[in-house]
Amino acid sequence: MKRNLKTRLCCIPLAVVLAAAFVAPASGMTPISPQEKKLIPLAKKEGAVTFLQTSFNNPTIRRMRAAFIKHYGLGGGFKLNSIQKGTGPTVSQARQEIRANKFSFDAVAVASAGFFIGAARAGAFLPLDSGQLKNHEENAKARGVFYDYPHFIAPFSYTFQPVWNSGCPGVGDLKVNSYSDILDNPKLKGKLIVSDVTKSTSYSLTTIGLMENGFDVHGMWKKMKALDPLVGFRTSAKLQLMANCEGAVDMWNLTGRMIQIIRKKPDLAKVLRWGTYKDGHVLFGMQAGVVKGAANPNAAKLLMDFLLTKEAVDIVAEEEISFYSMLKGYKPPASVKKYMMDFNKVKTLPIKDQTAAAKKFKKMRKEWQKVFR
């Protein structure tokens with residue numbers, strides 16, 4: 001969040017606060033706030049919401065759709081439509097439709113702080129009035145997750161971690177707890193996968209985040225190059241390289257993608273491993289907002305709050321695994337807990353200025369190309 005941004009609080013008599021206490025839709029479910037309660041009948045009338053996003057696969061959206069409708073009692077006829085694209089195509093579509101002021105979607109979510117900052121400055125988002133955000137603010141600020149309320153929130157975050165195939169020759173006893181466990185290991189020559197920062201905002205943000213937190217990134221690149229690495233882009237493609245032992249160790253991947261591959265090929269559970277870096281992890285948010293001009297603005301605002309509920313967080317944890325919520329006191333379901341980081345134990349490396357970070361991409365990418373191309 002911007003350093004000078006302060007949440008506006010209103011002083012209300014205690015009796016009024018008690019009278020407006022949360023209304024729970026059912027026992028054990030996240031209480032519905034007064035703000036959400038006002039939106040429910042308006043969302044019902046709209047009857048649908050379309051969500052342009054990058055991160056949630058079809059099984060996640062199917063579960064989210066059912067839970068969203070049930071949580072707010074929207075009725076069986078309500079539709080939650082999803083348009084899933086990559087980061088670049090999502091940002092491109094959103095920018096084009098904002099310029100044209102003609103929208104095929106109501107809400108957009110993508111890990112691209114630069115896009116959201118620019119769109120917010122242009123007045124492209126409807127202001128949110130969230131009843132759930134307060135349960136996330138403390139952890140988001142502590143861990144450097146960027147959002148700019150009321151323009152946009154960051155319901156989920158992610159970070160890259162090392163993943164490797166212990167079944168590949170010479171890799172069986174590998175343990176990774178720091179970058180040096182990979183970069184100073186000559187046994188990994190010809191077995192390393194390096195992420196192509198020129199094709200990914202997320203990889204570029206991770207690199208800039210390391211630089212800002214005192215890492216000798218240029219020295220790290222030289223060590224990577226000395227290990228004769230493969231250069232990869234998409235997390236799923238890099239995991240396939242690992243599954244085939246074409247590259248055995250990926251420095252930056254997602255355990256969620258790993259588990260999705262294991263579900264298709266259960267035998268890989270015996271050999272795929274993952275770790276964390278005690279040096280620290282760059283954690284960045286998946287920002288989300290409602291566009292001004294949306295056909296279904298109230299349903300879209302309600303969806304933004306739903307993404308902050310435990311119900312939605314549990315679904316994303318179980319299906320996507322590598323996307324983390326800043327929900328205070330949250331504990332992931334037992335079925336996926338071992339695959340997820342505990343940020344009370346893992347060091348995070350905040351990006352100090354998201355706008356400035358994006359401006360550093362061009363120079364950094366040219367320097368990377370000199371080493372790897």
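Trainee: How many bridges join strand 6 to strand 8, and do they run parallel or antiparallel?

Mentor: Keep in mind that this is a predicted model. Strand 6 (residues 192-195) and strand 8 (residues 249-253) run parallel, joined by 2 bridges. To place the pairing, take I193: its bridge partner in strand 8 is D250.

Trainee: In what order do the strands of the open sheet come?

Mentor: The order is 7-6-8-5-9, with 5 strands and mixed pairing. Strand 7 and strand 9 (272-274) are the edges, each pairing on one side only. From one strand to the next, the twist averages 30 degrees.

Trainee: Which strands does helix 11 lie across?

Mentor: Helix 11 (residues 255-264) lies across strand 5 (161-165), strand 8 and strand 9. Its angle to strand 9 is about 165 degrees.

Trainee: Now strand 10. How many of its residues are buried?

Mentor: Strand 10 (residues 284-290) has 7 of its 7 residues buried. Look at its pairing next. Strand 3 runs antiparallel to strand 10, with 4 bridges. There, V110 stands opposite Q287. Strand 4 is also antiparallel to strand 10, again through 4 bridges. In that pair, I153 stands opposite A288.

Trainee: Next, the backbone. What is the phi of N101?

Mentor: Most residues other than glycine have a negative phi. N101 has a positive one, near 55 degrees. N101 sits in the loop between helix 4 (87-100) and strand 3 (107-110). Exposed means over 50%, so N101 counts as exposed at 54% relative accessibility.

Trainee: Where is D228 found?

Mentor: D228 is in the loop between helix 9 (217-226) and strand 7 (230-232). Its phi is positive too, at about 50 degrees, although D228 is not a glycine.

Trainee: Is the peptide bond from Y149 to P150 cis or trans?

Mentor: Most peptide bonds are trans. The bond from Y149 to P150 is cis, with omega near 15 degrees. P150 belongs to the loop between helix 6 (137-142) and strand 4 (153-158).

Terms used. Residues numbered from 1 in each chain as written. Predicted model: local features only at pLDDT ≥ 70, side-chain atom pairs only at ≥ 80, totals over all residues. Heavy atoms only, no water. Buried < 20%, exposed > 50% of the residue type's maximum accessible area, 1.4 Å probe, protein only. Pairing = 2+ DSSP bridges. Axes fitted to C-alpha atoms, helices over the stretch in contact; angles between N-to-C directions. Contact = heavy atoms within 4.5 Å.
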